[in-house]
Amino acid sequence: MSTLQPGDRVLVTGGSGYIASHIIEQLLRGGFEVRATVRNPDDDAKTSHLRAFEGADRLELVAADLMKKGDFHEPVAGCKAVVHAASSVRLNAKDPQRDIVDVAVEGTRNVFEAIDAAQGIHTVVVTSSIAAVIDDAKDPSYRFDEDDWNESATVHTAPYPLSKAMAERMAWTRAEQGDYRVVTLNPGLVLGPVFTKGHIRSSPNVLHDLLSGKFPLAPRFRFSVVDVRDVAKAHLEALLRPGAQGRHIISNRNVSMRELADILRAEHPSRPVPRFQMPNFAMYAVALFDKRLSWDFLRRNLDVERRLDNTKSKQALGIEYRPVDQTILDTARSFVDAGLLSLLSAVRGWPRSWE
Ligand code: NAP
């Protein structure tokens, strides 16, 4: 079975993204040549951090759009492995079928069509999600593992989870026909250092909101959290270990919004981090004005803890999860380093307009 060697070229899709940026940083550190697709290589706000990485002389940025058929044929040529991380990472949209589901599913089809047409690709790692695993119609006592699929998401109730489940199924269908090894990774809520302002549009947003006074009270949500550096390492291990096969839940442990707030407040006492939990009825009132939240979603998620089995990630990929406190505090520090948050502007309910 072919294995990846330092000096081999790896294609990473969605290279400007939060998780992909960490994957690229670790690949460059490992001595690989990296070709990353971005929608616009000339967009400095999204790409300058990549060009500043150590080893960036081995990084090439090329343009490709998931929705444009044929866009990935040239980028995959000459690569030995592909990490497919690009997707439409948003909970809702004006047209969720077009803007979330189609981007994920047709994008994955386009990437695999390019892989099938190319010569010499032996490994494909796809960034899926626990959204493709957890079916929130199941009883909260249920413990999810890699055999589970989200079967209840619909484009109306949960377009992002639907997009991840459908895109991952598409990857597995293509894998049956392809002459390469496919590994899918299913991370939980990814937190950890950001490189640019754009990265707080993704999951680190929850910590930025807590630090900048957006939540006067902490909603009673629980998340299965994982550090972005551990997620990136899981991608490298999946590429490098020829025995890695199938799906992998990549998640450290469950953390409530209140615990996230407590960790942040202890380190940043002058920030307007909420002290108390929001009563659930107030969340239902918020949902009347926030299109990302539906009552159905709140009913299935408030005060609910989903149990995940991460044994396979530790045994098959050798992942040792770093402590959640370190993940949270390193994320906050990266906000300050990136100029996204001043530790001095700390009046409750009065975040600076540029934060
Ligand atoms: P992100 O920062 O939003 O990255 C997503 C990337 O996909 C961006 O680079 C984006 O490019 C690209 N993209 C979106 N639409 C595209 C299109 N039509 N054509 C080409 N590229 C497109 O999100 P992330 O958190 O790093 O997520 C990366 C992957 O991890 C996704 O597959 C996501 O589903 C998965 N994941 C994320 C989490 C999490 O908690 N963050 C958890 C589990 C799984 P632009 O910058 O041009 O928009």
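Helices α4 and α5 run roughly parallel to each other, because their axes cross at roughly 15 degrees, and angles under 35 degrees count as roughly parallel. This comes from a predicted model, so please read the values below with that in mind.

**The α4 and α5 pair**
- Seen as a crossing, α4 and α5 are right-handed.

**Around the ligand**
- The ligand has 27 residues around it, and R39, Y160, K164, S202 and S203 come nearest.
- By class, this shell is made up of 12 nonpolar, 10 polar and 5 charged residues.

**Polar atoms facing the ligand**
- S16 has a polar side-chain atom 3.0 Å from an oxygen atom of the ligand.
- For D65, a polar side-chain atom lies 3.1 Å from a nitrogen atom of the ligand.
- V190 takes part through its backbone: a polar backbone atom there is 2.9 Å from an oxygen atom of the ligand.
- On its own the ligand has 880 Å² of accessible area, and the protein covers 92% of that.

**α1 and its partner α7**
- The crossing of α1 and α7 is right-handed.

**α8 and α12**
- How far apart are the axes of helix α8 and helix α12? The distance is 10 Å, and the two helices pack at an angle of about 60 degrees.
- Helix α8 is formed by residues 257–267 and helix α12 by residues 324–337.
- These two helices are therefore oblique to each other.
- Where α8 passes α12, the crossing is right-handed.

Note on methods
Residues are numbered from 1 along each chain as its sequence is written. This is a predicted model: local features need pLDDT of at least 70, side-chain atom pairs count only at pLDDT 80 or more; totals for chains, interfaces and linings use all residues. Side-chain values use heavy atoms; hydrogens and water are left out. A residue is near a molecule or strand if one of its heavy atoms lies within 4 Å of it. A polar contact is a pair of N or O atoms within 3.5 Å; within protein, one must be able to donate a hydrogen and the other to accept it, and residues adjacent in sequence count only if both atoms are side-chain atoms. Accessible areas come from the Shrake-Rupley method with a 1.4 Å probe; for residues, only the protein chains shown count as cover. Ala, Val, Leu, Ile, Met, Phe, Trp, Tyr, Cys and Pro count as nonpolar, Asp, Glu, Lys and Arg as charged, and the others, Gly among them, as polar. A crossing is left-handed if the near helix is turned anticlockwise from the far one by less than a right angle, and right-handed if clockwise. Helices (H or I, at least four residues) and strands (E, at least two) are DSSP runs, numbered from the N terminus. Axes are lines fitted to C-alpha atoms, for helices over the stretch in contact, and angles run from 0 to 180 degrees between N-to-C directions. Angles under 35 degrees count as roughly parallel, over 145 as roughly antiparallel, 65 to 115 as roughly perpendicular and the rest as oblique.
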